[in-house]
Amino acid sequence: MKTDYNIAEFSKYANIGISKSRVLHLIDYEEHKNIRQSSKPIQINFYMLSIHIDCDKENSYLYIDRPGELIEWNLQNPLSGYQILITPQLLNQYGWDLSFTHYNSNEGLSMKKDEETVLLDLFEKALMEYKKEVFSEGIILGYAIIILCYIDNFYIRQFETKSKLYNKVVTDFYQYLEIYYEEKVNLPELPSVTYFAQKLNLSPNYFGDVIKHFTGIAPQEHIREYLIRVSKNKLSQSTLTISEIGYSLGFNYPTYFTRFFKKETGITPTAFRNECLLVK
């Protein structure tokens, strides 16, 4: 079975009609009653913006799948909502790389009713344009960009309304950071954003956006500050050589450690150790 799909191939596979363009396709779920109900993981090479309306629940959701992502589904109930399929070549001509387009599928946007109304209106207008005998790709692209701008804004609202949950993410991140080298004692390696995101069951981008939103600092900056603090502690309170300290922190070469330390502090590890000795 084919596993890498472009828009035309995916539309045929999912039974969502024949795309009228090589670079985009739009659908109203309710107009496609024979949509494929389930699928094993397949890879797509386009962006897919999907708004799912659930009349029985308080919140509806918006999901974004990206090129190169593996997607699978198993529908239990008929879908209501809309979907925009659009190639990265068309969307990326604006040079955008929005962080939320790299979120995992379980990190979809939970919409409030007023947000749902705004986004539904934009999806509907884009679909109306697409249904014209002669339609404008530029107009549809414009609607897609406006949708993305709203999504970016609505995710910020979602962070705020779930602050109790996300403050725990921040707290857990700090805790994992403090014990990082205790867990890596036998196999030291430099801490990474991906490592902490996996510990917290989040995608790196979602994790990074949560940390930056609630602390004002990106997680990579927190990690750098932690590395410098641990480095200074080892330089001032241990008899390890500069090379041994570098290796113990996960640097592959001592020169990388020296370069990193000087860039962050303005002085070399050796100079810092000498200053500590003078104070003693």
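A cavity is a set of points, on a 1 Å grid over the protein atoms alone, where a 1.4 Å probe fits but cannot get out, and lining residues have an atom within 4 Å of a point. This is a predicted model in which local features need pLDDT of at least 70 and side-chain atom pairs count only at pLDDT 80 or more, whereas totals for chains, interfaces and linings use all residues. Residues are numbered from 1 along each chain as its sequence is written, and side-chain values use heavy atoms, with hydrogens and water left out.

**View A. The second largest cavity.** The volume of this cavity, taken as the space filled by probe spheres set on the points, is about 50 Å³. Its lining includes Leu-62, Phe-100, Glu-107 and Tyr-155, and strand β5 (residues 60-65) gives the largest share, 3 residues.

**View B. The salt bridge of Asp-172 and Lys-168.** A salt bridge (a side-chain nitrogen of Lys or Arg within 4 Å of a carboxyl oxygen of Asp or Glu) joins these side chains at 2.7 Å, N to O. The two residues are 4 apart in helix α5 (residues 163-178), and are therefore separated by about one helical turn. Asp-172 is buried (under 20% relative accessible area), with a value of 15%.

**View C. The salt bridge of Arg-229 and Glu-178.** The closest N and O atoms of this pair are 2.7 Å apart. Because Arg-229 lies in helix α9 (residues 219-237) and Glu-178 in helix α5, the pair ties together parts that are 51 residues apart in sequence.

**View D. The salt bridge of Arg-66 and Glu-69.** These side chains meet at 3.6 Å, N to O, and Glu-69 is buried, with a relative accessible area of 11%.

Key. 1 Å grid on protein atoms, 1.4 Å probe; cavity = no way out; pocket = protein on both sides within 12 Å on 5 of 7 lines; lining within 4 Å. Buried < 20%, exposed > 50% of the residue type's maximum accessible area, 1.4 Å probe, protein only.
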